Amino acid sequence: MEKHKVSIIIPVYNVKDYLEKCIESVVQQSYKNLEIIIVDDGSTDGSQFICDEFLKKDERIKVIHKMNGGLSDARNVGYSESTGKYIFFLDSDDWLVLNAIEILYNTLRMCEADIAVANYYYQYDSKSVKANEIAETRVYDRQEAMEALLRNDLIKNFAWGKLYKRELLEKYKFPVGKLFEDVYWTHLIFNQAEKVVLVKEELVYYYQRSTSISYKFDIRKIHIVEGYLERRKFVAKEFPEFLYLIDETIISLVTSLYIESLRNYKKGVHSEFKRELLKICVELQERINSNQLLDKKAIKQFNDFCK
């Protein structure tokens, strides 16, 4: 079987303590026909020099230094510079098991799929925890894959950890300037896939950094709710039978983010955040109340917040 080129895109910004392990795990992959594109997004902590050191060691590596534009912009630049038939995104503080790409590639080809999704570990400083217990590799058709993505359980919204056919990504770019950019993007890619395969093996170590925005309050977290509002419009048009899944997620997000802003109370910031959340509530309240598939307790929770 012909081994096509796989482009691995690694956006980098101020991750010097983790970067070497990440890149080394890619360089050492058992699948050798790789194009490794490292996009230094304006690092200032020495990460940029680590990128250049690896450039000297492996001819498959290409390093792009650019002004800081955020994760979305770095991924977009990496994709525009890539030439592989298949695309894989890897965050620069995560790393791969040494046969990750080989397993994903062979499974995708064997199943004649458009996307192969890796199982993974949550990696903490002292231990690794399996994200999912998956008994066997499973193939989804387009509708099944979309439902699984919207449930955000076995198949997560992350752009990383998935091997994509290149043509799926040609039409859609990551939204520059948005946090939680994957929520705006992943469903559009899955919508083009006739077949998606979920691989049972854990192939990625997803490092849990306490400094990550996921672990601290930031008013820009409103972006994730805005992303789900965009996704809701898409689902209402393309997969209306799954609209209740989006509404459940939005209700959960609105309430949990509000509680998080209270726990990290700062005068002015909390009030602004609450105003933005209430705007969303007003926009959605009538549609959520008319959704017969939603749990009545969840609807009450949402209505109580909107008062």
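Modeller: The protein exposes about 14,600 Å², an area from the Shrake-Rupley method with a 1.4 Å probe, where for residues only the protein chains shown count as cover. Carbon and sulfur atoms supply 49% of that area. This is a predicted model: local features need pLDDT of at least 70, side-chain atom pairs count only at pLDDT 80 or more, and totals for chains, interfaces and linings use all residues. Residues are numbered from 1 along each chain as its sequence is written, and side-chain values use heavy atoms, with hydrogens and water left out.

First, the overall fold. The protein has ten helices and ten strands. These are DSSP runs numbered from the N terminus: helices are H or I with at least four residues, strands are E with at least two. The C-alpha trace spans about 60 × 45 × 40 Å along its principal axes. For 307 residues, a compact globule would have a radius of gyration near 19 Å; the protein has 20 Å, which agrees. That radius is taken over C-alpha atoms, and the globule rule is 2.2 Å times the number of residues to the power 0.38. Of the 307 residues, 54% are buried. Buried means under 20% relative accessible area, exposed over 50%, and partly exposed in between (1.4 Å probe, protein chains only). Take contacts between residues at least 6 apart in sequence: 79% of them join residues at least 24 apart. Contact means heavy atoms within 4.5 Å.

Now the rings. A pair of aromatic rings is described by the distance of the centres and the angle of the planes. Rings of Phe, Tyr and Trp (its six-membered ring) pair if their centres lie within 6.5 Å; planes under 30 degrees apart count as stacked, over 60 as edge-to-face and the rest as tilted. The count by this rule is 21 aromatic pairs. One of them joins Tyr-121 and Tyr-205: the centres are 4.8 Å apart and the planes at 20 degrees, so this pair is stacked. Tyr-121 belongs to strand S6 (residues 115–123) and Tyr-205 to strand S10 (residues 195–207), so the pair ties together parts 84 residues apart in sequence. Tyr-121 has 18% relative accessibility and counts as buried.

Tyr-164 and Trp-185 pair edge-to-face, at 5.6 Å centre to centre with 80 degrees between the planes. This pair also links distant parts of the chain: Tyr-164 is in strand S9 (residues 162–165) and Trp-185 in helix H6 (residues 182–190), 21 residues apart. Tyr-164 is buried at 0% relative accessible area. Trp-185 is buried at 1%.

There is also a cluster. Tyr-121 and Tyr-205 belong to one aromatic cluster with Tyr-18, Trp-95 and Tyr-207.

Charges meet rings too. The charged end of Lys-57 sits over the ring of Phe-54, 4.9 Å from its centre. Arg-75 lies over the face of Phe-174, at 4.9 Å from the ring centre. The rule asks for NZ of Lys or CZ of Arg within 6 Å of the ring centre and within 35 degrees of the ring normal.

Strand S1 (residues 6–12) runs parallel to S2, joined by seven bridges. Two strands pair if DSSP finds at least two bridges between them. Pro-11 has Val-39 as its bridge partner in S2.
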